[in-house]
Amino acid sequence: MIADITNKDELEKIVEKIYKENGKIDILVNNAGITIGEPSESYKEEDWEKTYNVNLKAPFTLSQLVAKYMIKQRSGVIINIISLGAEQGFSNNPAYVAFKGGLKQLTKALAKDWAKYNIQVNNLGPGFIKTDMTKKSWNDLSLRAERSGRIMLDRWRESADLVGPAIFLASDASGYITGQDLYVDGGWLAKGI
Amino acid sequence: MDANILKLFSLKDKVAIVTGAAKGNGRAIAEGFLRAGAAVYFIDILGKELKKTVDQREILMQNI
């Protein structure tokens, strides 16, 4: 379904339609995100707001809309896709880092508020991967070397590496896990010298 | 251990929504959920890419 997730009316219609078609909604993955890189000292206000709208506001709005039904059915799983930027400072992208950090905390707030309705809310954090979003740092050899040096496992992540952990968090296998961060980062965050 | 332990990881009969599902991480997750048995709604603002992904999804569904 084509939708602009920053448009609440559109989201409302979509969620209602999905509920009507199925009589339930079990899983929401807030994955959509954007990144607009600019130096902090000259970061444009409109880009800050654009990043906020997609990366933090939309996941909250969509979670609220879906929770309406999850609360009714007394079950549900919400997975928020965060980032290494939720933990660490990265150059020239203050909005991305700030709102991924915000999303990480939003997960804990929602996990707390909706646990009584048997809704689990967890974070899934991808490490560095070759996607359109990170193509620039992959193509630049010095940026690539800088990133590879931070990873324990000897390769960059592929999209497929996220699938098992996502299924785990979405399935009954993780029924007692909520408010957690699961990083699929090849050891990036845990690596010392 | 019971062979049915793998059922714990099944998404059969579950209904899932994935945003940003036209490509990359979102697409991989959405297709993974499909393979695990869920009904998956692919949401994206990128209409053209989404159409391509969903067309391929039908092929993927036939292969399951």
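Two residues are in contact if their C-beta atoms, placed from the backbone, lie within 7 Å. Keep that cut-off in mind for this talk.

First, the ground rules. This is a predicted model, where local features need pLDDT of at least 70, side-chain atom pairs count only at pLDDT 80 or more, and totals for chains, interfaces and linings use all residues. Residues are numbered from 1 along each chain as its sequence is written, while chains are lettered from A and ligands numbered from 1 in the order in which they are written.

Chain A, then. Take its contacts with a separation of 6 or more: residues 24 or more positions apart account for 73% of them. Chain A has six helices and four strands. Helices (H or I, at least four residues) and strands (E, at least two) are DSSP runs, numbered from the N terminus. In order from that end, the elements read α-β-α-β-α-β-α-α-α-β. The radius of gyration, taken over C-alpha atoms, is 17 Å for chain A.

Now burial. A residue is buried if 20 or more other C-beta atoms lie within 10 Å of its own, exposed if 12 or fewer, and partly exposed in between. By that count, 38% of the 193 residues in chain A are buried.

Chain B has 64 residues, of which 45% are buried. It holds two helices and two strands, running β-α-β-α from the N terminus. Among its contacts between residues at least 6 apart in sequence, 54% join residues at least 24 apart.

Two strands pair if DSSP finds at least two bridges between them.

Two pairings in detail. S3(A) and S4(A) are parallel over four bridges, and Leu124(A) has Leu182(A) as its bridge partner in S4(A). At the chain boundary, three bridges join the parallel S1(A) and S1(B). There, Leu28(A) has Ile17(B) as its bridge partner.

Next, H6 of chain A, residues 163-170. Val163(A), Ala166(A), Ile167(A), Leu169(A) and Ala170(A) are buried there. Down the axis of H6(A), they fall within an arc of 165 degrees, so they line one face of the helix. The arc is that of the directions from the helix axis to the C-beta atoms. Their cover includes S1, S2, S3 and S4 of chain A, plus S1 and H1 of chain B.

Last, the contact between the chains. It takes 35 residues from chain A and 29 residues from chain B. On the chain B side, H1(B) gives the most, with seven residues.

Notes:
Rg over C-alpha atoms; globule rule 2.2 N^0.38 Å.
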